[in-house]
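Let's take a friendly walk through this structure, one group of residues after another. Keep the sequence beside you and look up each residue as it comes along.

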Number of protein chains: 2
Amino acid sequence: MIETIHVNLNNYSYNIYIGEYIFNNMFISSIFLKNKNNVLITNKKIEKKILKNKNQYFYKILNKIHYFSINDGENYKNLYEVEKIISFLLNNLYGRDLNLIALGGGVIGDITGFVASIFQRGVNFFQIPTTLLSQVDASIGGKAGVNHILGKNMIGSFWQPKGVFIDIKFLSTLPKKELLSGIAEIIKYAIVFDKIFFIWLENNLFKVLNLQKKELLYCIKKCCELKVKIIENDEKEIGNRVFLNLGHSFAHAIETFTGYGKWLHGNAVSVGIIMSSYLSFYLKYLKKSELLNIINIFNNIGLPIIGPSTMLPLDYLKLMMRDKKVINKNLRLVIPVSIGKVKLISSIKENILLDSITACQERRFFS
Amino acid sequence: MIETIHVNLNNYSYNIYIGEYIFNNMFISSIFLKNKNNVLITNKKIEKKILKNKNQYFYKILNKIHYFSINDGENYKNLYEVEKIISFLLNNLYGRDLNLIALGGGVIGDITGFVASIFQRGVNFFQIPTTLLSQVDASIGGKAGVNHILGKNMIGSFWQPKGVFIDIKFLSTLPKKELLSGIAEIIKYAIVFDKIFFIWLENNLFKVLNLQKKELLYCIKKCCELKVKIIENDEKEIGNRVFLNLGHSFAHAIETFTGYGKWLHGNAVSVGIIMSSYLSFYLKYLKKSELLNIINIFNNIGLPIIGPSTMLPLDYLKLMMRDKKVINKNLRLVIPVSIGKVKLISSIKENILLDSITACQERRFFS
């Protein structure tokens with residue numbers, strides 16, 4: 001069975017299809033087979049593991065599409081690769097009637113969406129997310145972009161896909177550490193929106209990590225639904241969409257500091273959420289017991305709870321001042337006030353932020 | 001007196017202000033003086049001639065704004081300069097509350113608008129066009145973008161400014177050849193939309209070129225009004241906006257072939273319009289007498305009527321197949337069917353196009 005979630009954005013509405021073996025469905029496979037102007041963007045690793053793997057059921061569909069592979073990894077999510085993709089498209093005389101298809105994780109989805117938004121001033125694109133992280137988060141909502149050496153996702157646009165195709169069969173091609181990275185974003189949704197989901201995750205996270213079909217599909221669908229609800233009300237992140245950034249100001253600082261790709265995004269998000277939670281506790285919003293629940297859910301599944309040892313509190317501060325949530329040189333941060341509820345705070349005193357980061361790095365939350 | 005034209009695009013509406021000494025107006029000058037987050041983008045030539053020129057009346061306003069200069073010329077309208085501007089903005093900790101201000105001609109306007117559309121997924125921007133070409137055309141309508149080595153304006157977006165400030169005082173800083181280049185786009189509007197305006201131009205073009213205030217302001221306002229009417233109905237060029245591209249498929253081929261900046265845009269447009277007009281005559285749409293009227297208006301004012309001698313008809317064809325109007329590898333071209341009326345044609349036979357270009361290069365229209 002294929003579950004369908006409709007994303008209602010007026011002229012830019014689309015469907016998310018979720019299931020197993022979804023490319024066996026005639027309607028879905030026809031989207032990828034009927035059109036001569038489809039170009040699939042992927043990376044060299046996925047090309048080998050998925051696109052050219054004759055043992056995979058989707059081979060017979062995906063292998064028929066004209067494709068272009070970029071290098072694998074977050075450190076290739078930059079303007080240079082964007083130009084390479086555009087050169088490929090122009091050399092092959094693709095025009096405004098092109099449909100780009102992103103086959104891959106967050107990096108491929110973000111860069112393909114961005115190319116779609118700027119190639120000849122905008123063309124259609126589809127998302128086929130192949131990682132848990134991109135299936136629950138990155139592929140939905142139209143945030144597209146690339147990194148700049150001075151900050152993550154600093155160059156980008158809002159550009160909605162024409163459809164998102166989530167097949168859990170892809171997840172069996174993933175190494176455990178990539179699955180874990182996706183789990184961090186799943187936990188984020190629960191902390192931001194839904195205490196009951198958080199409790200469900202405390203009991204079922206290992207089943208999700210072991211790709212047990214029922215729990216996995218429930219979990220992916222739940223996250224998609226939560227995200228869609230937010231996006232329908234605030235596509236351009238003027239209001240509540242900012243809540244989805246819980247932990248991300250810290251996380252982006254870690255990813256930028258260590259060099260893109262060194263820390264998996266989900267791992268950085270895990271540390272980032274713990275830092276925001278500790279800050280909230282420090283500011284007397286979050287209860288100690290809930291802080292510990294948050295730390296434990298990440299810790300128990302094997303996600304990191306402290307940042308890189310080489311990174312000093314001042315390094316965080318400096319990089320976080322370039323965060324997209326900074327307004328008038330004033331840092332704004334999302335923090336959980338309880339499990340299932342967050343708020344946006346601003347005018348945070350520097351010393352409070354520094355103290356709070358230091359306390360986290362010294363694991364003082366356990367004391 | 002300042003004339004105001006309102007551009008009605010719902011959430012993205014804005015005003016165009018046209019006049020002389022418009023920065024002496026309190027309301028307008030306050031926009032540029034009150035905001036701490038303004039950054040002006042310009043080029044090194046304009047920096048010297050306008051921004052830092054104490055003899056110019058606008059010095060006292062524009063000189064107070066934080067600015068960044070790129071190199072001058074169409075050959076710098078590329079992703080590399082885009083990245084340089086973004087680095088400047090990030091190094092100076094500008095965030096989503098930034099207002100970019102384009103001070104310059106089409107290149108500065110296009111690149112600044114494009115940076116505005118992708119910096120942190122989009123920030124506000126204003127246009128202060130300083131050339132005739134950008135005052136009548138490039139600064140209005142939200143087409144932003146940069147060139148790719150394989151084609152002009154192949155990378156870009158639709159991103160509307162928050163205001164356009166047209167001051168004819170800037171035009172006295174321009175060399176004659178730059179003014180002439182702008183004249184070509186003015187003639188374009190007349191051929192596309194308005195035979196009476198065409199006749200007015202036949203009689204008044206030299207006054208415009210000599211910057212006679214009354215004729216100049218009339219002409220700029222007329223062009224802005226014609227363009228605004230089209231944009232309000234078709235912002236994203238799904239319908240009639242394509243008519244504004246009269247001559248541009250040929251023109252972009254010339255600019256790409258000769259190397260960006262070698263041929264001024266307006267000069268290439270002049271040749272392009274003559275080539276489309278000749279094609280229309282060849283296809284028995286346009287009358288010979290009107291073809292000659294079109295050629296003469298360009299020729300009399302001193303605009304080129306034939307393309308570069310080094311460029312063969314096949315060179316045009318090859319580059320034109322990368323035009324943004326190509327759909328399903330089928331070239332579509334705008335041609336005038338009479339003065340004041342154009343149509344979009346497709347499925348043009350290669351040999352007809354080649355013959356028609358050859359005839360133009362051999363000036364056969366005069367025979």
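R364(A) is partly exposed, because its relative accessibility is 39%. This model is predicted, so it is a computed picture that we are reading here. The side chain of R364(A) meets that of E362(A) in a salt bridge, with N and O 2.9 Å apart.

Now move to chain B, where E20(B) and K213(B) form a salt bridge whose closest N and O atoms are 2.9 Å apart. Where do the two residues of this pair lie? E20(B) is in the loop between β2 (14-19) and α1 (26-34) of chain B, while K213(B) belongs to helix α9 (residues 213-233) of chain B. The bridge thus links distant parts of the chain, 193 residues apart. E20(B) counts as partly exposed at 24% relative accessibility, and K213(B) is partly exposed too, with a relative accessible area of 44%.

Another salt bridge in chain B brings together the side chains of E74(B) and K152(B), at 3.7 Å from N to O. E74(B) sits in the loop between β4 (66-70) and α4 (79-91) of chain B, and K152(B) in strand β8 (residues 151-158) of chain B, so the pair ties together parts 78 residues apart in sequence. Are these two residues buried or exposed? E74(B) is buried, with a relative accessible area of 13%, and K152(B) is buried at 5% relative accessibility. Over in chain A, salt bridges with shared partners join E74(A), K77(A), D110(A), K152(A) and E255(A) into one network.

## One face of a helix

Next, find helix α1 (residues 26-33) of chain A. Its buried residues are I28(A), S29(A), I31(A) and F32(A). Seen down the axis of α1(A), these buried residues fall within an arc of 145°, so they line one face of the helix.

What do the buried residues of α1(A) pack against? Their neighbours are β2 (14-19), β3 (38-43), α3 (59-62), β5 (99-104), β6 (124-129) and β9 (163-167) of chain A.

## Where chain A meets chain B

How many residues does each chain give to the contact? Chain A provides 39 residues and chain B provides 39 residues. About 3800 Å² of area is buried between the two chains, and carbon and sulfur atoms give 54% of that area.

The interface has 2 salt bridges. In one of them, R96(B) pairs with E237(A), the closest N and O atoms being 3.4 Å apart. Between chain A and chain B there are also 12 residue pairs in polar contact, counting pairs with both residues at pLDDT 80 or more. On the side of chain A that touches chain B, the elements giving two or more residues are α4 (79-91), α5 (106-118), β7 (143-148) and β8 (151-158) of chain A. The residues on that side divide into 16 nonpolar, 12 polar and 11 charged.

## Loop residues to look up in chain B

D97(B) lies in the loop between α4 and β5 (99-104) of chain B. Leaving aside residues up to four places away in sequence, D97(B) touches V326(A), I327(A), N328(A) and N37(B). With N37(B), the side chain of D97(B) makes a polar contact of 3.3 Å.

R121(B) has a phi near 65° and is found in the loop between α5 (106-118) and β6 (124-129) of chain B. At 6% relative accessibility, R121(B) is buried. E237(B), with phi near 55°, is placed in the loop between α9 and α10 (248-258) of chain B. E237(B) is buried as well, its relative accessible area being 10%.

Terms used
Residues are numbered from 1 along each chain as its sequence is written. Chains are lettered from A and ligands numbered from 1 in the order in which they are written. This is a predicted model: local features need pLDDT of at least 70, side-chain atom pairs count only at pLDDT 80 or more; totals for chains, interfaces and linings use all residues. Side-chain values use heavy atoms; hydrogens and water are left out. Contact means heavy atoms within 4.5 Å. Buried area is the accessible area (1.4 Å probe) that two parts lose on being put together, summed over both. A salt bridge is a side-chain nitrogen of Lys or Arg within 4 Å of a carboxyl oxygen of Asp or Glu. A polar contact is a pair of N or O atoms within 3.5 Å; within protein, one must be able to donate a hydrogen and the other to accept it, and residues adjacent in sequence count only if both atoms are side-chain atoms. Helices (H or I, at least four residues) and strands (E, at least two) are DSSP runs, numbered from the N terminus. Ala, Val, Leu, Ile, Met, Phe, Trp, Tyr, Cys and Pro count as nonpolar, Asp, Glu, Lys and Arg as charged, and the others, Gly among them, as polar. Buried means under 20% relative accessible area, exposed over 50%, partly exposed in between (1.4 Å probe, protein chains only). The arc is that of the directions from the helix axis to the C-beta atoms.
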